[in-house]
Amino acid sequence: MRTTLFALLIGLIAGLTGGLFGVGGGLVAVPGLVLIIKLAQHNAHATSVTAIVAIASAAVIPFALDGELDWGVAMFLVAGAVIGAVLGAALMGRINEATLAGAFVVLTVAAGIRLLMLSDVSAQAVFATDGAIGGMVLVATGLLAGTLAALLGVGGGLVFVPALVVLFGFDQHLAQGTSLAAIVPTTLVASIRHAGHGRVIWNLVFPVAAGGIAG
C-alpha cells in the first residue's frame with residue numbers, strides 16, 4: 001500500500017511537469033522510482049517510459065483543444081522517434097546500471113540548462129517545416145529523441161521542444177504541444193520493446209500513470 005501511494009505521488013509530480021514543460025515527466029519518475037521505491041535502474045527507466053504513455057496522452061489534450069499542436073510536424077518527429085525507440089530499447093540491454101544512471105544524471109543537467117535558456121524564448125526559424133531539408137531535420141530530431149526516451153525512461157521532450165523552438169521558430173506552447181503529441185507513440189513503442197524484455201514493473205506502471213493523468 002505504501003509503495004502504491006509513493007508511486008501515485010511520483011506520477012502526480014511527473015504529470016505536472018509534463019503538462020507545464022512538455023517533457024513527459026520521466027525526469028521526475030525515474031529518480032522517484034529509483035530513490036524512493038528502490039527499483040533497479042533498468043526497471044525504473046522501462047517502467048517510467050511505459051507510464052509516460054498515459055501521462056503524455058493526458059497532458060497533450062489541453063494543447064490540442066487550444067490548437068497549440070502541429071500534427072504534420074509531429075508525424076515527421078514520430079517517423080524518426082519510433083526507430084529511435086527500438087534502438088534505445090536494444091541499447092539498454094548492453095549498458096550496465098552505473099553507466100545508465102550516469103547518463104540519466106547528464107540528461108537531467110541538460111534539461112535544467114535547457115529550461116533556463118529557452119523558457120519563454122522565441123527564435124527565428126532556421127528550417128521550414130514544409131521543406132525537404134526541414135523534414136529530414138525533423139526525422140533526425142525524432143531519431144535522437146526516441147533513442148533517449150527508450151534508453152533513459154523519458155518522453156523525448158528535452159530534444160523535441162528546443163529543436164522546434166530554435167530550428168523551426170515555434171513558440172513555447174506550440175513546441176510543447178507538438179512535443180507531447182510525438183511523445184505518445186514514441187513511448188508506446190519503447191514500452192512494448194521493454195515489456196518484451198521483461199523490464200516493466202506493471203504493478204507500478206498503473207499508479208504512476210494514474211497520478212500522472214491527474215497531474
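Leaving aside neighbours within four places in sequence, H45 is in contact with V30, M92, L100, F104, L151, L152 and G153, where contact means heavy atoms within 4.5 Å. The structure is a predicted model, in which local features need pLDDT of at least 70 and side-chain atom pairs count only at pLDDT 80 or more, while totals for chains, interfaces and linings use all residues. Residues are numbered from 1 along each chain as its sequence is written, and side-chain values use heavy atoms, with hydrogens and water left out.

H45 lies in helix α3; helices are DSSP runs of H or I with at least four residues, numbered from the N terminus. H45 counts as buried because its relative accessible area is 0%, and the term buried applies under 20%, exposed over 50% and partly exposed in between, with a 1.4 Å probe and protein chains only. A polar atom of the H45 side chain lies 3.0 Å from the backbone oxygen of L151 and one lies 3.5 Å from the backbone oxygen of L152.

A contrasting case is G93, found in the loop between α4 and α5 (97-118). G93 counts as exposed because its relative accessibility is 55%. Between the C-alpha atoms of G93 and G135, which are 42 residues apart along the chain, the separation is 31 Å.

The next topic is the nonpolar interior. A nonpolar core is a set of buried Ala, Val, Leu, Ile, Met, Phe, Trp, Tyr and Cys residues joined through side-chain atoms within 4.5 Å. The largest such core has 27 residues, and L77, F160, L164, F170 and L180 have the most contacts inside it. Two or more residues of this core come from each of α3 (41-65), α4 (71-92), α6 (132-152), α7 and α8. Apart from its neighbours within four places in sequence, L77 is in contact with residues including L138, F160, L164 and A182. A second, separate core of 24 residues includes V34, A51, I55 and L158.

Two of the helices named above also meet each other. The axes of α7 (residues 157-168) and α8 (residues 172-196) come within 9 Å and cross at roughly 140 degrees; axes are lines fitted to C-alpha atoms over the stretch in contact, and angles run from 0 to 180 degrees between N-to-C directions. In this contact, G157, F160, V161, L164 and V165 of α7 meet residues of α8, among them Q172, A175, I183 and T186. The residues of the contact divide into seven nonpolar, six polar and no charged, where Ala, Val, Leu, Ile, Met, Phe, Trp, Tyr, Cys and Pro count as nonpolar, Asp, Glu, Lys and Arg as charged, and the others, Gly among them, as polar.

Methods. Polar contact = N/O pair within 3.5 Å; in protein donor to acceptor, adjacent residues only side chain to side chain.
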